[in-house]
Amino acid sequence: MANRAQIPTKNSALIAMIADEDTVVGFLLAGVGNIDIRRKTNYLIVDSKTTVKQIEDAFKEFTTREDIAIVLISQYVANMIRFLVDSYNKPVPAILEIPSKDHPYDPAHDSVLSRVKYLFSAESVASGRR
Amino acid sequence: MEERHFIPESGGDQEPSQEAVEVENRREVRLQPGAEEKLVLQFMDSLNSYLSLSHSLSSTLGQAWMELASARHSMGTARINTSLLDLKFHPASTTLKITEYDDAKAWFVLRKWVSSEEDEDSNSTKSSELADDDDVVVRRERAKSLSVFGILIPPKLRAAQLSFERALETLVEMANMRSSFLYSFHQLHQEVEDTKE
């Protein structure tokens, strides 16, 4: 198949998080927290003082690190950097938008679901394939 | 097997262009009888599973946050917050294994509470003694994770830990469903684009 995406196989990859404090604390309890020798973490806690630039930088960092397989991002945080999340299209790391305490998950805003929604649009049905 | 023949549009003696050969190769590989229907079914199934799992995740996380809030209420806000986290070197106990599945899909496997001393490649069948050792490792790693927040851990914090572990399992399943429907989507999208040409 032409232009096949390369899937990097790994035995021990990390789960990164960009979310509110309670979500990050909870997943750290589940053992996903990682701090390397350079004191770099695999999570960013988003609060009222976190800037959009910090969120963007964390997203770019986590999606380019080779040791990260999944990036969990609260959907309300993803909405702050929607253009960046929507333009991401690599298979790994997988970006999963998750709900937060104050912002329930909305499938209509999910980046990956929006991408596939077009398959059911009038334009694709009327493309004259059948 | 369905056969396709390439008929050049101009100049019967000309060699087909590289681009035309690539388009034909894609058609030959893709349009097998029933393959398109199979892709559509795979797409719909994995999309449906993804949406169901997202509902399940919302429910699990809601319970987890409630348990965390209860633990914070009993221990005090200062006892459960991120200021207690230090920046000392600390490898993750729960990681993922990524494999390539079905020639282009990523597949994620959750590896919970893996001790740093464990052999990553150990796939051999385990005796009951080794299985007991695994339980000991899991309990030890769980306790280590909880110890960040003190020595006396309330039951609600332990319950929150288990809920977040369940949420992780759901998230890994969601990642696999995402990988599956994106793969099917790209295959179908490619076919639509090629049909338009």
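Residues are termed buried under 20% relative accessible area, exposed over 50% and partly exposed in between (1.4 Å probe, protein chains only). The model is predicted: local features need pLDDT of at least 70 and side-chain atom pairs pLDDT 80 or more, whereas totals for chains, interfaces and linings use all residues. Side-chain values use heavy atoms, without hydrogens and water.

View 1. A:R115 belongs to helix α5 (residues 111-117) of chain A; helices are DSSP runs of H or I with at least four residues, strands are runs of E with at least two, and both are numbered from the N terminus. With a relative accessible area of 23%, A:R115 is partly exposed. Neighbours within four places in sequence aside, A:R115 is in contact (heavy atoms within 4.5 Å) with A:Y88, A:N89, B:L182 and B:F185. The backbone oxygen of A:Y88 is reached by the A:R115 side chain at 3.1 Å.

**View 2. Crossing of α1(A) and α4(B).** The axes (lines fitted to C-alpha atoms over the stretch in contact, with angles from 0 to 180 degrees between N-to-C directions) of helix α1 (residues 21-29) of chain A and helix α4 (residues 155-196) of chain B come within 8 Å and cross at roughly 90 degrees. Helix α1(A) is therefore roughly perpendicular to α4(B), a term covering angles of 65 to 115 degrees. Among the residues making the contact are A:F27 and A:L29 of α1(A) and B:F164 and B:L168 of α4(B).

**View 3. Chain A.** Chain A contains 6 helices and 4 strands, in the sequence order β-α-β-α-β-α-α-β-α-α. Of its 130 residues, 54% count as buried.

Notes:
Residues numbered from 1 in each chain as written. Chains lettered and ligands numbered in written order. Polar contact = N/O pair within 3.5 Å; in protein donor to acceptor, adjacent residues only side chain to side chain. Parallel < 35°, antiparallel > 145°, perpendicular 65-115°, else oblique.
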